Amino acid sequence: MFFQESFSSSVDFPTYIPWQTLSSDLSDKLKHGSIRINRSNKVEYATIQEEGTPLLENGSRKPDNIGDGSIITEAVRAGTSWPVAAFLLVNAALGAGVLNYPYAYDKAGGVVFAAFLQIIMMVVLISTMLVLVYSADVNNDNTYHDVLLSLCGRRAQQFAAVSILLTCYGICITFLIIIGDQYDRLFLSLFEKDFCTQWYLDRRFTITVTSVLCILPMCYFQRLDFLRYASTLGIFAMLYPVFLTVYEYYKLDIQPGRIKVVPDSAVEVFVVIPVFSFAYQTHEIVVPVYACMKDRNLRDFTKATFLAMGILFFIYCIAGSFGYMTFGSLIAPDIMEQYDATDPVVLIGIGALVVKMITTYPQLVVCGRGALDGLYAEFAHLSIDQFIKGEFKRRIVVTSLWFASTLLLAVLAPNIGVVIELLGCLASVNIFIFPGLCLIALAIRDDEYLEEFKSRMKCFVACLMIMFGTFVFGVVFTKVIMYDMLNKSGKVPHPKC
């Protein structure tokens, strides 16, 4: 019953709730009846004659227990329990970052130091998540962008939408790189001598062919009903590498590289912080999950948050520790690259990951397209009639540009680690800067002149959050651009050819 409820109300960031988190004017449209969410969780656009009428579903009034902007599923109608909320947070956070985790352990200075750093990050992340939830209760907001709109204004809301949009874009690039990594591992195992000489085995060719034939046709669909259960496969595909790290640790008889006990430099520590943040990041879906809880209160959500973080810590520690201890400093940015694909156990994991990437990429495109639609409609001051009439043309243009640019960047990117570090930069914005702004707004709202000690402490903590997020963003972004991309130092230390 627990898993049935979890899957039926699954929030698999960022494939499930594009409008709830990204469209900057969703709430206004919902409240004025210009768009609506039907029983199949699809966005529908009202006609000009219907605009301004209450939200309707099949001609009947919306149930009273469903608030505007809520996620409407059978499980959510009755409200989710806090253990299910924890599962949703785990499902949202567990993604491609797990493949990069053993490599992050090497950057962090080994198993012990990495685990200690994760504990510190979890404390900070839980605090910022609770700040968002507490902020959501001020105006009973149901989405991440609604919280920012209520407390920080429309500009902050728009910046948040752009940040999450870029996150979706970066994850698309990561997925294509992962597809190429899996093919490299497979073909290197099958065609050792010919792998570096045959053009049809080159990752630039394999990524392009798979993307054009299997991914691009699905991206042009307006709705992706046939992929709605792909999150179930996603959980399996992302947990399988965790199993493989343990399996291969005991099976492989190889001499690992240097095993670190401390990081090589302070810069490496700051670089790995966004990677850990990205792996635990659920901030974009924290507020929607909280809004769907049966008992919407801070105490129950705190329990859900601690449970989710504990589960993620256990999963990531297993993947990072066993993967890093197997290869040491010879670890690759994608752990799957280093396993023998002729082993059926590994082959299953490769197949699951490729299918996961293929089926999830189109959902990310729909997510990003919805964000661009919402932002474009707002900045261009489109009427509902203009918005609906131009939908097909925008869908074709945006999808084509999105696909072509992500494919080009995936082919040119040195490895998955570079993209995940950039995604970690964006994660630091969503995790530290925006919650910090909300905390300042809360302090000023309660005490306009900051006369009380409590209000001053809130502002002090918020300023620390904002400064830390900005500093980490700057350090990591500079490091990635100057060293990894311009100098190509981000290449795998043990090239296949």
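Predicted model: local features only at pLDDT ≥ 70, side-chain atom pairs only at ≥ 80, totals over all residues.

Colleague: Where is the place of Asp137?

Modeller: Asp137 sits in the loop between α7 (111-136) and α8 (144-152).

Colleague: And what is Asp137 in contact with, leaving aside its neighbours within four places in sequence?

Modeller: Tyr290 and Arg296. With Tyr290 there's a polar contact, side chain to side chain, at 2.7 Å.

Colleague: Switching topic: which helix is Arg369 in?

Modeller: Helix α15, residues 344-379. Arg369 is buried but has no salt bridge.

Colleague: So what's the nearest side chain of opposite charge to Arg369, and how far away?

Modeller: That's Glu391, 5.3 Å away. A salt bridge would need to be within 4 Å.

Colleague: What does the side chain of Arg369 reach, then?

Modeller: The backbone oxygen of Phe221, at 2.9 Å. The Arg369 side chain also makes a polar contact with the side chain of Thr399 at 2.8 Å. Beyond four places in sequence, the contacts of Arg369 include Cys219, Gln222, Arg395 and Val398.

Colleague: What is the mean pLDDT of the chain?

Modeller: The mean is 77, and 79% of residues reach 70 or more. Residues 1-43 are below 50, though the model gives that stretch 152 contacts beyond near neighbours in sequence.

Colleague: Which element has the highest mean pLDDT?

Modeller: Helix α14 (residues 298-327), at 93, while strand β3 (residues 56-57) has the lowest, 33.

Key:
Residues numbered from 1 in each chain as written. Heavy atoms only, no water. pLDDT = per-residue confidence, 0-100. Helix = DSSP H or I, 4+ residues; strand = E, 2+ residues; numbered from the N terminus. Contact = heavy atoms within 4.5 Å. Buried < 20%, exposed > 50% of the residue type's maximum accessible area, 1.4 Å probe, protein only. Lys, Arg positive; Asp, Glu negative; His and termini not counted. Polar contact = N/O pair within 3.5 Å; in protein donor to acceptor, adjacent residues only side chain to side chain.
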